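Keep the viewer open as you read, and turn to each place as it comes up.

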Amino acid sequence: MARICRSPHFANGVFQNPGGPARMRPSGSGRDMAKQFLDKDARSRRAPRGTIPVHPTTLADLTRPPATGLRLTWTGHSSVLAEIDGQRVLFDPVWGERCSPFPFAGPKRLHPVPLSLAALGPVDVVVISHDHYDHLDMPTIRELAGTDTVFAVPLGVGAHLERWGVSADRLRELDWQESTRVGGLTLTATPARHFCGRGLRNTQHTLWASWAVAGARHRIYHSGDTGYFEGFRDIGGAHGPFDATMIQVGAYSEFWPDIHMTPEEGVRSHLDLQGGKPGGVLLPIHWGTFNLAPHPWAEPGEWMADAAEAVGQTVAFPRPGAPFEPGGELPTEPWWRPLTRPVPRVWNTGAPPRNEETPSGDLDLAGDR
């Protein structure tokens with residue numbers, strides 16, 4: 001608490017967002033929000049119509065060193081294993097069945113995890129962006145606590161981990177703009193526009209962050225959860241450009257525009273991080289695994305594809321669990337289209353839907369199981 005109170009980002013008893021106050025609770029009419037969430041047709045679009053084609057990640061996938069020195073494996077939502085310059089970084093690992101304080105209620109996974117934590121192999125550092133349940137999963141942390149990995153977390157989040165069995169000497173707890181070294185990597189906590197809390201009473205006493213990670217040859221960025229703000233340019237200027245960014249593009253809504261980005265804003269943030277022009281590879285995260293917002297399940301993928309194409313930005317669309325190297329051949333197949341009805345292009349009114357109606361049973365995924 002003494003470090004929290006000394007933070008330049010802590011004032012009036014709470015952590016402050018960059019760019020001024022952010023609305024953390026839904027804005028607008030509660031009736032309008034309930035109408036969106038309960039509408040029968042809209043509800044049917046918020047989940048896939050068939051089995052999500054998870055790639056069953058194997059030991060062979062991960063034991064062979066990446067030829068380019070950088071490999072990313074998106075396991076769903078915001079969880080990514082980054083193998084960078086001989087080190088292994090695990091961002092926001094959530095292996096639990098629900099992102100909820102209760103094992104019997106709350107948003108449930110729409111696909112299984114591609115592999116067990118034990119099969120993941122040794123991890124040099126686990127990075128946490130903030131303490132919300134869909135980013136900080138107690139059962140997952142308790143299992144990782146039994147390893148010798150280091151945990152890099154925003155200021156205040158370490159208290160959760162200590163209660164769950166992580167010793168204080170394995171914690172690197174950082175304020176924005178602070179860095180730590182793990183092996184050959186430099187990890188820097190960078191600003192984000194979001195909030196914190198794991199209960200009904202949100203005291204704003206734990207920080208939220210994005211992360212820049214630099215190795216000997218490569219640089220990567222993980223956004224955590226954030227609304228769009230001008231600070232991405234400063235982050236890119238100080239720590240970029242990046243070989244790959246992992247950008248939150250799901251669970252957005254007009255009811256909470258300050259704390260989550262739309263895919264279009266996600267592309268804009270990536271360009272800011274790259275110095276204002278296309279470069280590197282953008283990996284969309286925070287979509288496809290949990291139903292957390294009123295938008296259609298496949299909308300983040302479709303909107304991201306359109307927004308990136310419009311500015312000439314390269315995007316990777318891996319199936320959950322499929323490793324890829326940003327410097328090699330990229331996964332670009334829109335794997336979600338056979339699992340969903342055509343997505344209304346609200347961001348491009350009048351444009352015909354790009355995906356056709358395809359019965360989920362017609363999808364041949366035998367090679368991915």
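## A predicted model, loop by loop and helix by helix

D85 is partly exposed, since its relative accessible area is 22%; buried means under 20%, exposed over 50% and partly exposed in between, with a 1.4 Å probe and protein chains only. This is a predicted model, in which local features need pLDDT of at least 70 and side-chain atom pairs count only at pLDDT 80 or more, while totals for chains, interfaces and linings use all residues. Residues are numbered from 1 along each chain as its sequence is written, and side-chain values use heavy atoms, with hydrogens and water left out.

D85 sits in the loop between β4 (79–84) and β5 (87–91). Its phi is positive, near 50°, in a residue other than glycine. H286 also has a positive phi without being glycine, near 70°, and is placed in the loop between β14 and α10. H286 is buried, with a relative accessible area of 2%. A168, in the loop between α7 (158–163) and β8 (171–174), counts as partly exposed because its relative accessibility is 48%.

| Residue | Loop | Relative accessible area |
|---|---|---|
| D85 | β4 to β5 | 22% |
| A168 | α7 to β8 | 48% |
| H286 | β14 to α10 | 2% |

Another loop to look at lies between α8 and β13, where P241 is found. A cis peptide bond joins G240 and P241, with omega about -5°.

Now for the whole protein. There are 10 helices and 14 strands; these are DSSP runs numbered from the N terminus, with helices (H or I) of at least four residues and strands (E) of at least two. Of the 369 residues, 57% count as buried. Among contacts between residues at least 6 apart in sequence, 68% join residues at least 24 apart, where contact means heavy atoms within 4.5 Å.

Which residues touch the most other members of the largest nonpolar core? They are F91, W211 and I220, in a core of 69 residues. Such a core is a set of buried Ala, Val, Leu, Ile, Met, Phe, Trp, Tyr and Cys residues joined through side-chain atoms within 4.5 Å. The helix α10 gives the most to this core, with 5 residues. Apart from it lies another core of 21 residues, including L81 and I128.

Because 9 of its 11 residues are buried, α9 is largely enclosed by the rest of the structure. Its buried residues pack against β12 (219–222), α8, β13 (244–248), β14 (281–285) and α10.

The axes of α9 (residues 263–273) and α10 (residues 299–311) come within 8 Å and cross at roughly 40°. Axes are lines fitted to C-alpha atoms, for helices over the stretch in contact, with angles from 0 to 180 degrees between N-to-C directions. P263, E264, V267 and L271 of α9 make the contact with P300, W303, M304, A307, A308 and V311 of α10.

On α8 (residues 231–239), the axis comes within 7 Å of that of α9, and the two cross at roughly 35°. Here F232, R233, I235 and G236 in α8 meet S269, D272 and L273 in α9.
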